[in-house]
Amino acid sequence: MKRIPKALLAVSLTVAAFMAGCSNEPAEPEKQPAQTEQTSSGEKVIVVGLQAEPTSFDAHQISDYNTSRAAMEIYDQLVQFKDESTELEPDLAEKWDVSDNGLEYTFYLKKDVKFHDGTPLNAEAVKFSIDRQIDPKHPYHETGTFAYADFTFGMVDHVEVVDPYTVKIVLKEPFAPFLSNLAMHAASIVSPEAVKKYGKDFSKHPVGTGPFKFESWTPGVEAVLVKNPDYFKGAPKVDKLIFKPITEDQTRLTELESGSIDMIVNIPPDDLERLRADANLQVLEQPGMHVWWTAFNTQKKPFNDVKVRQAINYAINKESIVNNILHGTGELANSPVPPTVWGHNATLKNYEYNPEKAKQLLAEAGYPNGFEVTYWVPESGSGMQQPATMAAAIQADLAAVGIKVNIQTLEWGTYLDKVFQPKEKMDMDMHQMSWVGDNGDPDNFLYAMFSSEQWPTAGFNDSFYKNETVDKLLKEARTTLDKQKRTQMYEEAQQIIMEEAPWIVLDHEKQIVAANQKIKNFKLHPTGVFRFANVDVE
Amino acid sequence: MVSYVGKRLLALIPVLIGVTILVFSIMHLSPGDPAQIILGPKATAESVKQLRHELGLDLPVYQQYFRWITNVLAGDWGRSIQMKMEVLPLVLDRFGATFILTLASALISIVGGVLFGIIAAAKKYSFWDRFLMFLVLVGFCMPVFWFGILLQIQFGLKLDWLPISGMHSPGKTGFVDMLPYLILPAVSLSAGTGAVIARMTRSSMLEVLGQDYIRTARAKGMKEQKVIYKHALKNAFIPILTVIGMQVGFLLAGAVLVEMVFSWPGIGTLMVKGIQARDFPLVQGIILFVATSYVVINLLVDLIYAYLDPRIKYK
């Protein structure tokens with residue numbers, strides 16, 4: 001026994017040395033002491049609880065909500081979405097012209113704007129920000145993987161610097177939603193000098209022109225942004241934003257209720273009522289740019305018969321799913337296009353719950369005794385809400401009209417692999433999917449999911465839907481610049497799609513944020529990005 | 001002794017080669033493509049193909065393995081696909097947090113477990129024995145994440161004594177700032193392990209206390225305390241140590257759940273995220289690291305045997 005204390009001593013010394021060495025130093029530790037002092041001196045700080053960890057602070061590499069919520073206040077774009085809508089307004093560009101053939105977009109930049117590193121915002125920086133993503137030969141293309149480059153700039157032919165503050169973007173073919181793409185995260189203008197300086201580590205040292213500057217990021221712990229006092233639209237009122245990843249729903253709630261964090265997203269439906277009743281909290285909600293559906297394989301029996309698809313739609317009590325499973329965290333859909341997106345056809349009605357009619361349609365289609373199908377369901381997944389419970393409700397409703405549904409549950413990564421197979425390899429009957437809009441343009445919902453050019457693996461038409469009129473309308477609408485004409489085309493397309501029922505269109509998930517009452521003037525935005533420039537703390 | 005340690009360390013090499021091949025195969029054979037997951041369901045086939053090429057995923061698996069393992073040996077563990085950061089610093093940083101948590105829980109469970117076990121054995125069949133063993137049973141049966149949530153609600157929300165989640169106050173670092181954050185996760189992680197150690201200590205102590213030399217010691221008129229702590233405990237400790245060694249591995253596994261519940265920035269949360277995103281370089285790096293430390297811990301436990309029991313000799 002006598003030797004044990006020596007061993008213990010050795011172990012504890014090693015441990016002490018180890019602990020001293022691994023105290024999770026943030027990306028820029030040299031700034032730590034000053035910041036700690038400030039925090040205690042009554043500055044305005046907002047602590048946000050995120051559902052998952054941000055993965056990169058490089059706007060061009062963002063591909064998920066949590067990251068864009070934490071990172072987007074660092075950046076600006078040429079144009080931006082107005083508050084609470086997806087209409088556009090000038091941001092870094094003062095004004096712009098579009099040539100008559102719809103191919104050339106010329107932007108006139110504001111002249112007094114500087115990046116956080118002091119370098120000026122100019123036409124070169126705009127060209128750099130786009131070329132870096134789309135030109136494989138660009139010297140800084142290797143500094144990242146750009147998930148959204150193709151979506152945002154796939155139609156761009158080249159970018160020209162006209163003069164220091166004028167930049168021209170030339171497209172390969174007219175593309176009406178292009179201007180909306182320029183308000184997205186991948187269209188953020190980054191400081192070329194910072195990319196050159198940090199290379200691949202730009203994602204840890206981001207520099208933009210936005211209302212908040214990056215201060216530090218300790219993965220798994222927190223990301224800290226501080227206000228940009230020189231912001232070209234005026235300094236924000238809040239001094240500091242802290243984003244903390246808290247994966248567990250229950251922990252995030254407890255943290256909010258205890259007051260140690262100020263704002264959370266993704267609230268479990270079951271807890272919503274309790275939060276609404278709490279006088280210290282405010283619950284904000286808004287239908288997001290989201291749609292949840294179950295797709296039928298329209299190229300395969302029995303779903304190649306429109307009557308079968310309609311019958312299933314009549315058989316399902318959609319309202320009950322929205323009220324009893326989602327507890328009102330979603331809004332019943334009447335079209336694949338959410339009401340927050342312009343071009344939404346408000347006159348349409350979703351199929352009402354009518355099992356008798358469903359049975360009658362099934363009999364007419366030659367299936368008086370129903371049939372058996374396999375239903376693919378993910379365990380969880382971005383935008384999938386409560387996939388298993390919702391699938392069980394659909395299974396029960398379909399059993400009542402004689403359709404036997406075998407649910408097959410898969411992990412999200414595996415699921416995506418299985419769902420996006422080309423038609424010849426596809427053995428799917430029906431499966432769940434959801435979509436979150438990117439640029440607020442109806443093209444982003446309709447062309448992507450119902451054009452026969454978009455069958456997997458080329459695109460997202462996961463029901464292998466094909467209708468010539470719809471194809472023609474959607475193709476024409478994306479090359480027409482007149483918004484009113486486009487609206488008409490989209491409304492007509494939605495009507496045909498709802499009649500032909502390639503999907504069970506269920507709901508549009510609401511964005512729900514619970515925040516402390518002391519946070520003032522916070523508004524949700526349909527894109528799901530958080531805006532803090534005008535937010536105050538009491 | 002030295003040659004024994006040397007041999008054990010050499011044996012580490014085939015173990016680690018085996019582990020890397022296993023992990024590499026599991027990750028690459030499981031369905032799900034990192035490029036598809038990064039780009040999301042909206043990506044076109046072309047951009048997925050392009051990204052697969054950039055990440056080197058279009059090479060045959062064995063070539064990818066050799067490329068990876070040669071880089072690892074040269075000190076380049078690759079870059080996380082999802083986090084876009086170098087793997088080795090990320091893993092080291094996160095492992096530090098897991099190490100602190102595991103160590104704190106190991107201390108709590110060893111001290112608590114051994115103490116409970118001794119008291120229960122010394123006062124067998126008394127009220128204290130039954131009471132402690134009941135607590136131990138509860139501790140063993142309770143799922144760690146649920147116990148964690150209960151602790152959060154009671155001590156974080158209702159009593160407001162301790163922070164609920166995270167590792168530091170916003171914007172702060174350092175050991176002192178971390179301590180209050182460490183208590184709840186360490187306690188919830190130690191419950192199960194502590195329970196096993198307590199049961200083992202009790203039964204091992206009971207066995208030793210029944211032996212002749214203990215009766216002799218008592219017959220000599222030696223104080224009961226001395227009998228228990230000096231004579232009985234040392235001999236009872238060998239099986240307890242074996243359990244402790246095994247339980248440390250268990251703690252590392254349990255840490256994943258506790259880290260999720262308490263948002264503790266350790267290796268567990270990182271690994272779960274990495275697996276979901278099929279972040280091959282990251283997951284491979286973590287497993288390689290954890291496997292190495294697990295083997296080293298086992299070696300240390302074996303060496304401590306020799307300290308405790310002079311009859312055990314390593315050659």
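Reader: Which residue follows α11(B), and is its phi positive or negative?

Author: The residue is B:Arg278, and its phi is positive, near 50°. Keep in mind that this is a predicted model.

Reader: Which residues of α11(B) are the buried ones?

Author: They are B:Ile267, B:Gly268, B:Thr269, B:Leu270, B:Met271, B:Lys273 and B:Gly274. The cover over them includes α5, α10 and α12 of chain B.

Reader: How many helices and strands does chain B have?

Author: Chain B has 12 helices and zero strands. Its C-alpha atoms fill a box of roughly 85 × 55 × 35 Å along the principal axes. Of its 315 residues, 42% count as buried.

Reader: What share of the contacts in chain B joins residues at least 24 apart?

Author: Take the contacts between residues at least 6 apart in sequence. Of these, 70% join residues at least 24 apart.

Reader: Now the interface. What is the general idea of its size?

Author: The size of an interface is often given as the accessible area lost when the parts come together. Here, count residues instead. Chain B gives 58 residues to the contact and chain A gives 56.

Reader: Which element gives the largest share of the side of chain B that touches chain A?

Author: That is α5(B), with eight residues. By class, this side of chain B has 29 nonpolar, 18 polar and 11 charged residues.

Reader: Let us turn to chain A. What is the strand order in its open sheet of four strands?

Author: The order is β4-β5-β7-β6 in chain A, with antiparallel pairing. The edge strands are β4 (93-98) and β6 (156-163), as each pairs on one side only. Neighbouring strands are turned by 20° against each other on average, direction ignored.

Reader: How many bridges join β6(A) and β7 of chain A?

Author: Six bridges join them, in the antiparallel sense. As an example, A:Glu160 has A:Lys168 in β7(A) as its bridge partner.

Reader: Which helix lies across these strands?

Author: Helix α4 (residues 123-134) of chain A lies across β5, β6 and β7. The helix runs at about 165° to β6(A).

Reader: Now single residues. Is A:Ala59 buried or exposed?

Author: Count again. A:Ala59 has 28 other C-beta atoms within 10 Å, so A:Ala59 is buried. This residue lies in the loop between β1 (45-50) and α3 (65-71) of chain A. Beyond four places in sequence, A:Ala59 touches several residues, among them A:Met72, A:Tyr75, A:His185 and A:Gly208.

Reader: Where does A:Asn304 lie?

Author: A:Asn304 is in the loop between β13 (290-296) and α10 (306-315) of chain A. With 13 other C-beta atoms within 10 Å, A:Asn304 is partly exposed. Leaving out residues up to four places away in sequence, A:Asn304 touches A:Thr298 and A:Gln299.

How values were computed. Residues are numbered from 1 along each chain as its sequence is written. Chains are lettered from A and ligands numbered from 1 in the order in which they are written. This is a predicted model: local features need pLDDT of at least 70, side-chain atom pairs count only at pLDDT 80 or more; totals for chains, interfaces and linings use all residues. Helices (H or I, at least four residues) and strands (E, at least two) are DSSP runs, numbered from the N terminus. A residue is buried if 20 or more other C-beta atoms lie within 10 Å of its own, exposed if 12 or fewer, and partly exposed in between; C-beta atoms are placed from the backbone. Two residues are in contact if their C-beta atoms, placed from the backbone, lie within 7 Å. Ala, Val, Leu, Ile, Met, Phe, Trp, Tyr, Cys and Pro count as nonpolar, Asp, Glu, Lys and Arg as charged, and the others, Gly among them, as polar. Two strands pair if DSSP finds at least two bridges between them. Axes are lines fitted to C-alpha atoms, for helices over the stretch in contact, and angles run from 0 to 180 degrees between N-to-C directions.
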